[in-house]
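Dear colleague,

I am handing over the structure we spoke about, placed just below. Please have it open while you read the notes that follow.

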Amino acid sequence: MWQTIGHEWAIDQLRQSLAGGRVAQANLLTGPAGVGKTHLAWALAAALNCERAEPPCGECHACSLVRRGIHPDVTLVEPDGARLKIEQVRDLQHTLALSPVVGRWRVAILTEFEAATREAANALLKTLEEPPAHVVLILTSVDADLLLPTIVSRCRIIALRPVPEATIAQALRERCGMPAERAAVLARLAAGRPGWALRAAQDDTLLQARARDLDSLEEILLSTRLERIEAAERLAKRDDLGDLLALWQTWWRDVELTGLGCDDLVVNLDRKEVVTRTSSHVSTSQASQVMRGLARARARLLRNVNARLALEALLLRWPRPS
């Protein structure tokens, strides 16, 4: 059982490849944070080393070890702080040079590879070009465009799309025992990200943090130029700027959709009054420009530009509704 929420087309593609013995040794899973990239990467790792006829079975010894994160042939590499460093890649390469201990494949999962330094990315390139016969690499990134073209060109790309709201709501009801009404609300707020929805169902602080971050957006929208510069300096100290800007993108998308008369597609239903009021003062083209600016700012932050300057450039271009 893949146990993945949504992404049936991607699972079918992977299942067919495994059944046909066509294992891609370099894979790149892309999509928004919380959409399910890392979960699918772990499921693929289990499928590669599963001991049953229809992998991943979820019950054999290998699947159990992968589920608990202790399979000796599956290695997880995450950013060390804000960056994934060359030392981490070199350590991984030493591990991958060894034969599998108990499984058929040595699998390496490298998450948030957009956070890799250029040195780390270049170091991994040699392994991607000529991976050992027993190695499968699985990289994840929010966007392939944030990686070196030489990295992307050597990977099978699986671009995960936002999961339908109804699918997320059903998973919340079945997995968390959540009442239908609350599941529907949380599924809408998730904006296609089942991982975020599951975390929010178990941790109320996520919803509290979301509320504070949207309060901050609405305050900045009505602030002066000087206040926006001060806000940029304050926000630049945050470690989760990428997540913050992604949330703000959903709010501005709601403004654009409302301006286009598509109120039924609004994600942030608890902010609908402010969104509607803003859409009456801000044109859809202005809202679209703000969203493009947010996307550019996120890309620049991943390239390690000065966060304060990037935020200043972003916030000073926002329209100020009367």
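In what follows, a residue is called buried when its relative accessible area is under 20%. Please keep in mind that this is a predicted model.

With that cut-off, the buried residues of helix H13 (residues 272-279) are Val275, Thr278 and Ser279. Seen down the axis of H13, these buried residues fall within an arc of 100°, so they line one face of the helix. The partners against which the buried residues of H13 pack are helix H10 (204-221) and helix H12 (241-259).

Of the 5 residues in E3 (residues 106-110), 5 are buried, so the strand is largely enclosed by the rest of the structure. In a regular strand, side chains alternate between the two faces of the sheet. In E3, Arg106, Ala108 and Leu110 point one way while Val107 and Ile109 point the other way, and all of them are buried.

E3 has parallel pairings with two strands, E2 and E4. With strand E2 (residues 74-77) the pairing runs over 4 bridges, and Leu76 stands opposite Ile109 of E3; E2, helix H4 (residues 86-96) and E3 together make a right-handed β-α-β unit. With strand E4 (residues 135-141) there are 5 bridges, and here Arg106 stands opposite Val135 of E4. A right-handed β-α-β unit is also made by E3, helix H5 (residues 118-129) and E4.

Best regards

Terms used:
Residues numbered from 1 in each chain as written. Predicted model: local features only at pLDDT ≥ 70, side-chain atom pairs only at ≥ 80, totals over all residues. Heavy atoms only, no water. Buried < 20%, exposed > 50% of the residue type's maximum accessible area, 1.4 Å probe, protein only. Pairing = 2+ DSSP bridges. Right-handed = clockwise from strand over helix to strand, strands pointing away. Arc of directions from axis to C-beta. Contact = heavy atoms within 4.5 Å.
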